[in-house]
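Okay, thanks everyone, let's get going.

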Amino acid sequence: MTLILNGLQPIHWTLAGAGIAAVTLALLFGANRRLGISTGLEDMCSLVLPQPYFHRGAIRSGREWRLPFLAGLVLGGFLSAVLSGGWTPTWSLGMFDSVIGLGPVGKLVWMFAGGLFIGFGTRLANGCTSGHGIFGLANFELPSLVAAVSFMAGGILTTQLIYRVVFH
Amino acid sequence: MRPLYLVLGAFFGFVLSRSGAADYNYIQGMFLFERFQLYGIMGAAVVITAPGLWLIQRRGRTALGAPVQVELKPMTRGTVVGSVLFGVGWSIAGMCPGPILVNIGEGKIYALAALAGALAGAGLFGALYARLQRPFDLPVLKAASTGK
């Protein structure tokens, strides 16, 4: 199955896994940084929100690496597009278009709603697929196993509900 | 140091983009048990990272000789509830936090709304932290100048 991006074939999962592992290990071995993305959402909030929570030590000390790293994620996506047939803005959303079929405004609302769950949920759980799913599991941390089982369960139930029950 | 993080992030973002981790169809495929790709990616990442983490922590020092200190994440009631909520959002958006940013870079316009929602959700969490702290057994917020 091709990617939505420029109809590409994805790279093999072993290569992708190795690439992710390399970044994770480079961050720790090179800079004593624990891979994590969702804390970056709080870093971004800290730029505009005054609550003490966003100015606690973990944010003030971590922002200096996470903000450039997250900017890098955007850059990486951009390079991926440019180097594979070009960058074009798109509304294309794969099977969502054929099964759910909301237009641009609907998609923006849908995505905002999804984002709310992601932002609130990852911070309540203190981690996401990177912090818990990759680093936490690889470090044999029990809270991360609990987190991973829970977020997979949440995702499976929701997708099954959407694509097997509501829109089928 | 900052260029290092930008470069590592760009490499990570490129891999996420090309692997399907940022692709709506591949995420749904994972949750529908129709696509192995994402299970393979996460499984391979964990299996390869684990011995590396063990070796680095056993050595106890970074490449430049600074002490390695991995801060462990505590188990709270938020771990389960928050993760389930995150999973719901991951399914709805077809992306998790890293892929939201990758997709913005790729030009997927709707990913901007996902980011806006994620920031709003994180902002809401932070604003409510004092009220959520006890019910969810979250770490107590210390003074702004120290720790969590």
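So, to start: which elements each supply at least two residues of the lining of the second largest cavity? They are α2 (39–46) of chain A and α5 of chain B. Keep in mind that this is a predicted model.

Let me stay with that cavity for a moment. Its volume is about 30 Å³. From chain A, the lining has Ile37, Leu41, Met44 and Leu70, and from chain B it has Pro97, Ile100, Leu101 and Leu115. The largest share of that lining, three residues, comes from α5(B). If you sort the lining by class, you get eight nonpolar residues, with no polar and no charged ones.

Okay, let's step back. Rolling a probe the size of a water molecule over the atoms is what shows where empty space is left. Searching the whole structure that way turns up two cavities of 30 Å³ or more. As for elements, two or more lining residues come from each of α6 (129–138) of chain A and α1 (2–19), α3 and α5 (97–106) of chain B.

What about class in the largest cavity: how many nonpolar, polar and charged residues does the lining have? The count is 14 nonpolar and three polar, with no charged residues.

Now for the backbone angles. As background, most residues other than glycine have a negative phi. Here are two to look at on the screen.

You'll find A:Asn6 in the segment before α1 (13–31) of chain A. Is A:Asn6 exposed or only partly exposed? Its relative accessible area is 33%, so A:Asn6 counts as partly exposed.

The other is in chain B. B:Phe33 has a phi near 60 degrees, again positive and again not a glycine. Where does B:Phe33 lie? Look at the loop between α2 (24–31) and α3 (37–59) of chain B. With a relative accessibility of 54%, B:Phe33 counts as exposed, because the cut-off for exposed is over 50%.

That's what I had, so over to you.

Technical notes. Residues are numbered from 1 along each chain as its sequence is written. Chains are lettered from A and ligands numbered from 1 in the order in which they are written. This is a predicted model: local features need pLDDT of at least 70, side-chain atom pairs count only at pLDDT 80 or more; totals for chains, interfaces and linings use all residues. Side-chain values use heavy atoms; hydrogens and water are left out. Helices (H or I, at least four residues) and strands (E, at least two) are DSSP runs, numbered from the N terminus. Buried means under 20% relative accessible area, exposed over 50%, partly exposed in between (1.4 Å probe, protein chains only). On a 1 Å grid over the protein atoms alone, a cavity is a set of points where a 1.4 Å probe fits but cannot get out, and a pocket is an open set with protein on both sides within 12 Å along at least five of seven lines; lining residues have an atom within 4 Å of a point. Grid points are joined across faces, edges and corners, and a volume is the space filled by probe spheres set on the points. Ala, Val, Leu, Ile, Met, Phe, Trp, Tyr, Cys and Pro count as nonpolar, Asp, Glu, Lys and Arg as charged, and the others, Gly among them, as polar.
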